[in-house]
Amino acid sequence: MIWFILIAVIIILIVAFVWLWQSKKTESSAPAEELDLNRLDVGGVVLIQSIEYFVEQKNRYASNGEEWFELKLSGMEGEASWLGWQTDIPVNENPTFPSITLTQEIDFDRLNLSSEELAQFSQDQSGRFDYGEAIYYLRRSGEDCLYENCHARGQSFYFWDFEDEEHEKVISVQQWGQHSYEASVGHFIRPSEVDIYSTSDSIS
């Protein structure tokens, strides 16, 4: 009689274990909520890599049918960062090669790039240079238009976008006018590293 009871208990435990395992498997395979950065606007709050930022400005860029946005962010220390993404590339599409960038402005002279080198990069649509401990390769260059604060009237400029071989770090150079250059450096971030707390200051 005792053996029958023990066997029944073992069977019950096995069934319970299998049920719990299947439940965990179903939960882990459920799709996560997709990140929608387009909802963010001025006054919003976003958590990036466990750091809280406030959205101070939203700009739109457009060129040759492509469109992307950037947010000017301020952290607790007051230092400005820029969060950028392209609208025709879903940020959740390929987690292995994220398309969201987080950058900060630096002095262009720190890159040790000349206007002649940049012009050659544009002509060849290829180029590389060293910065810090990484080698950066030209990903694309061309003319673009900035619509500051998403206004209807834009301002044209020329740009060069670089990234390292590991698709981790990025550098962007912008030319405004004939001899005015701006630069920013940063890295790619994954959608899982971004949490939206509020989309704008109109949402409590």
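1. Arg39 counts as partly exposed, at 44% relative accessibility. Here, buried means under 20% relative accessible area, exposed means over 50%, and partly exposed is in between, using a 1.4 Å probe and protein chains only. Asp36 is also partly exposed, at 32% relative accessibility. Arg39 and Asp36 form a salt bridge, with their closest N and O atoms 4.0 Å apart. A salt bridge is a side-chain nitrogen of Lys or Arg within 4 Å of a carboxyl oxygen of Asp or Glu.

2. A word on the model: it is predicted, so local features need pLDDT of at least 70 and side-chain atom pairs count only at pLDDT 80 or more, while totals for chains, interfaces and linings use all residues. Residues are numbered from 1 along each chain as its sequence is written, and side-chain values use heavy atoms, leaving out hydrogens and water.

3. How many salt bridges does the structure hold? There are 6 salt bridges. One of them joins the side chains of Glu66 and Arg140, at 3.2 Å from N to O. This pair links distant parts of the chain, 74 residues apart: Glu66 is in strand 3 (residues 66–74) and Arg140 is in strand 7 (residues 134–147). Strands (E, at least two residues) are DSSP runs, numbered from the N terminus. Glu66 is partly exposed at 29%, whereas Arg140 is buried at 18%.

4. Now look at Asp161, which forms a salt bridge with Arg140 at 3.3 Å between the closest N and O atoms. Asp161 lies in strand 8 (residues 155–164) and Arg140 in strand 7, so the pair ties together parts 21 residues apart in sequence. Both Asp161 and Arg140 are buried. Through shared partners, salt bridges join Glu66, Arg139, Arg140, Asp161 and Glu163 into one network.

Definitions and conventions
Helix = DSSP H or I, 4+ residues; strand = E, 2+ residues; numbered from the N terminus.
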